[in-house]
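Reader: I would like to go through this structure with you, one topic at a time. Could we begin with how its helices pack?

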Amino acid sequence: MANEKPLRKISEAFKELEAAVNSQTAEIEVAPFSSACSLVSPLFGCLGIAFKFAEIDYVAKVHDLAEASKSISTLTVLLDRDIEGDCVRKAGSHSRNLLRVKRGLDMVRVLFEQIIVTKGNSLKDPASKAYAQVFAPHHGWVIRKAVAAGMYALPTKEQLLHKLNEDENSASVQMQNYIAASTPLILYIDKLFHSRKLGVDW
């Protein structure tokens, strides 16, 4: 990541998605959505072994959505097509993958919130809280145990910021930007599922 500013790219891409959520049409196109989500992938890699499972899963699901964007215009169309095909909950469906990607975005949002409010150089508390809030309810005991063990191998906050080419102040600004932009987007995706009586806890 030499000289790159991944946090800046992420916050800018999600600001554009937030603008789409707040627009009159309120339609999110699959292509810019999957593109913005792909920028988040390196963050999981920066967190080391604890989030390796999340990185592998997230990258695969984002890739599926990017492929889907070649023939599906918006997230609304994507869900409705799966409903018509009666495959919403099937493994590998675009809808299921969208839900998993949304969880990844939500985990990063909570992680950033916790990093900002947590004093000190350890990421263990922020990462543990983010995992417990977003991923743990959907994981079995084996994965939860592996993640807990991996928490001891997390980089320090200083190491993470170094990898991201940010100092504490600049990182905090970009994290706040992502939190502000991703929150309405995450709610928008939840609403897409709830309005079709699909739920999001599966």
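This is a predicted model: local features need pLDDT of at least 70, side-chain atom pairs count only at pLDDT 80 or more; totals for chains, interfaces and linings use all residues.

Reader: What classes of residue make up the contact of α4 with α5?

Author: The contact of α4 with α5 has four nonpolar residues, two polar residues and one charged residue.

Reader: At what angle do α4 and α5 pack, and how far apart are their axes?

Author: Helix α4, residues 75-84, packs with α5 at an angle of about 135 degrees, and the two axes are 8 Å apart. That angle makes α4 oblique to α5.

Reader: Let us turn to α3 and α5. How do their axes cross?

Author: Helix α3 spans residues 52-68 and helix α5 spans residues 94-117. Their axes come within 9 Å and cross at roughly 130 degrees. The helices α3 and α5 are therefore oblique to each other.

Reader: Which residues make that contact?

Author: From α3, the residues are Asp57, Tyr58, Lys61, Val62, Asp64, Leu65 and Ala68. From α5, they are His94, Asn97, Leu98, Arg100, Val101, Gly104 and Leu105. By class, the contact of α3 with α5 has seven nonpolar, three polar and four charged residues.

Reader: Is the crossing of α3 and α5 left-handed or right-handed?

Author: Helix α3 passes α5 in a left-handed crossing.

Reader: A change of topic: how many aromatic pairs does the structure hold?

Author: The structure holds nine aromatic pairs.

Reader: Which residues do ring pairs link into a cluster?

Author: Phe51, Phe53, Tyr131 and Phe135 are linked into a cluster by ring pairs.

Reader: What does the UniProt annotation say about residues 28-166?

Author: The UniProt record, an unreviewed entry, annotates residues 28-166 as "domain: Glycolipid transfer protein". In the model, that span is 70% helix and 0% strand, and its end C-alpha atoms lie 30 Å apart.

Reader: One last residue, then. Where does glutamate 168 lie?

Author: Glutamate 168 lies in helix α9, which covers residues 168-195.

Reader: Leaving aside neighbours within four places in sequence, what is glutamate 168 in contact with?

Author: With those neighbours left aside, glutamate 168 is in contact with Lys157 and Leu161.

Reader: And how far apart are glutamate 168 and aspartate 201?

Author: Glutamate 168 and aspartate 201 are 33 residues apart in sequence, and in space they are 35 Å apart, C-alpha to C-alpha.

Definitions and conventions:
Residues are numbered from 1 along each chain as its sequence is written. Side-chain values use heavy atoms; hydrogens and water are left out. Axes are lines fitted to C-alpha atoms, for helices over the stretch in contact, and angles run from 0 to 180 degrees between N-to-C directions. Helices (H or I, at least four residues) and strands (E, at least two) are DSSP runs, numbered from the N terminus. Angles under 35 degrees count as roughly parallel, over 145 as roughly antiparallel, 65 to 115 as roughly perpendicular and the rest as oblique. A crossing is left-handed if the near helix is turned anticlockwise from the far one by less than a right angle, and right-handed if clockwise. Contact means heavy atoms within 4.5 Å. Ala, Val, Leu, Ile, Met, Phe, Trp, Tyr, Cys and Pro count as nonpolar, Asp, Glu, Lys and Arg as charged, and the others, Gly among them, as polar. Rings of Phe, Tyr and Trp (its six-membered ring) pair if their centres lie within 6.5 Å; planes under 30 degrees apart count as stacked, over 60 as edge-to-face and the rest as tilted. UniProt positions are given in the numbering used here, feature names are shortened, and annotations may be inferred rather than shown by experiment.
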